[in-house]
Amino acid sequence: MKNISFLMKYKDADIYIKRDDLLGFSFGGNKVRIVEKVILDMKKKGCDHLISYGSRTSNLNRAAAHLAEREGFSCTVIFKEDGREGMPFNEWFVKESGAESIYCGPDRVRETVEGALRKAEELGKKPYYIYGTPDGTGNEAVLTEAYTEAYDEILEFEVSEGISFDHIFLASGTGMTQSGLMAGAISHGHKREIVGISVARDEKKGTEAIKRALYARLHRETDLRIHFLDGYRSGGYGASDQEVRELCRHMLSGHGLPLDPVYTGKAFSGMLREIDRKKLSGPQLFIHTGGLPGVFDAACKDMLS
Ligand SMILES: *Cc1c(COP(=O)(O)O)cnc(C)c1O
């Protein structure tokens, strides 16, 4: 499960990578690990209908649809309508699965979730909304669990190799993955920096979500600083700049490493720039959080040209 290895040298830093994109179901990634914990919680609570919400390029929606199908649960996926043309692969996977798809504007999420919950109940199901209450909070303790476990895998690797990662870098969206890792560090009394490179939110919103999630996981306040960097968003969620796209192409052609321009490509690019800016040396860890369908999207569009 550890999947950690040395990737490359960059300036004075030794970059290691944790390939959570290589987990063995639905293209892996952090969302498969996270939704596996959701499924366990559903079973514990006797639920049999999973409701997910996210963008049309959301890896969470795809992992939710695939895992619900595997378990024999019914599933509703609510997509944030964006008016963009074409169908991203993640949306396509959901449509090909047994899940029902619903589209709504970003200001109508709560009503749409409430409607989906009601409808499932009318059908005699016991529904479960992945984020908790219809306002999108409350399930942080479940959503962060997987990456508290992942933190222990990182520790095991460090002990077995006799090294210690100075920083851990990853792409951060809702902050659930970063919160899980931070909770792991806090419970071991570690102070090292876990750096989330934001792919969407600004620092304030991202940091608040992480604080809330850490409280839900640890039941206490923490003084560990939250590093949620919003300066590498290159145009916001779903957008990307030339530099990120070129880095994705270079890492794919030269290292066989698939990075997508929406999540991991931005994070990897942000990490390199942080290594430059802070002149970091020694072992640094990048967590590859998955998102292979986004690599397909980029490849179909312009990445290989
Ligand atoms: C969702 C996602 C992230 C961000 O994870 P959060 O827990 O929402 O912060 C990072 N990388 C990929 C590939 C993702 O799909």
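Modeller: Helix 2 (residues 59-71) and helix 3 have axes that come within 9 Å of each other and cross at roughly 20°. Helix 2 is therefore roughly parallel to helix 3. The model is predicted, and local features need pLDDT of at least 70, side-chain atom pairs count only at pLDDT 80 or more, while totals for chains, interfaces and linings use all residues. Residues are numbered from 1 along each chain as its sequence is written, and side-chain values use heavy atoms, with hydrogens and water left out.

Some terms need stating. Helices (H or I, at least four residues) and strands (E, at least two) are DSSP runs, numbered from the N terminus. Axes are lines fitted to C-alpha atoms, for helices over the stretch in contact, and angles run from 0 to 180 degrees between N-to-C directions. An angle under 35 degrees counts as roughly parallel, over 145 as roughly antiparallel, 65 to 115 as roughly perpendicular, and the rest as oblique.

The crossing of helix 2 and helix 3 is left-handed (the near helix is turned anticlockwise from the far one by less than a right angle; clockwise would be right-handed). Helix 2 contributes Asn59, Asn61, Arg62, Ala65 and His66 to the contact, and helix 3 contributes Asn90, Phe93 and Val94 (contact means heavy atoms within 4.5 Å). These residues divide into 3 nonpolar, 4 polar and 1 charged (Ala, Val, Leu, Ile, Met, Phe, Trp, Tyr, Cys and Pro count as nonpolar, Asp, Glu, Lys and Arg as charged, and the others, Gly among them, as polar).

The next element is an open sheet of 4 strands in the order 5-4-3-6, with parallel pairing (two strands pair if DSSP finds at least two bridges between them). Strand 5 and strand 6 (127-129) stand at the edges with a single partner strand each, so one side of each has no neighbour in the sheet. On average, neighbouring strands of this sheet are turned by 20° against each other, direction ignored. Helix 3 packs on the sheet, where it touches strand 4 and strand 5, and its direction makes about 135° with that of strand 5.

Ser97 lies in the loop between helix 3 (89-96) and strand 5 (100-104). Ser97 is buried, with a relative accessible area of 10% (buried means under 20%, exposed over 50%, partly exposed in between, with a 1.4 Å probe and protein chains only). Apart from neighbours within four places in sequence, Ser97 is in contact with Ala65 and Glu69.
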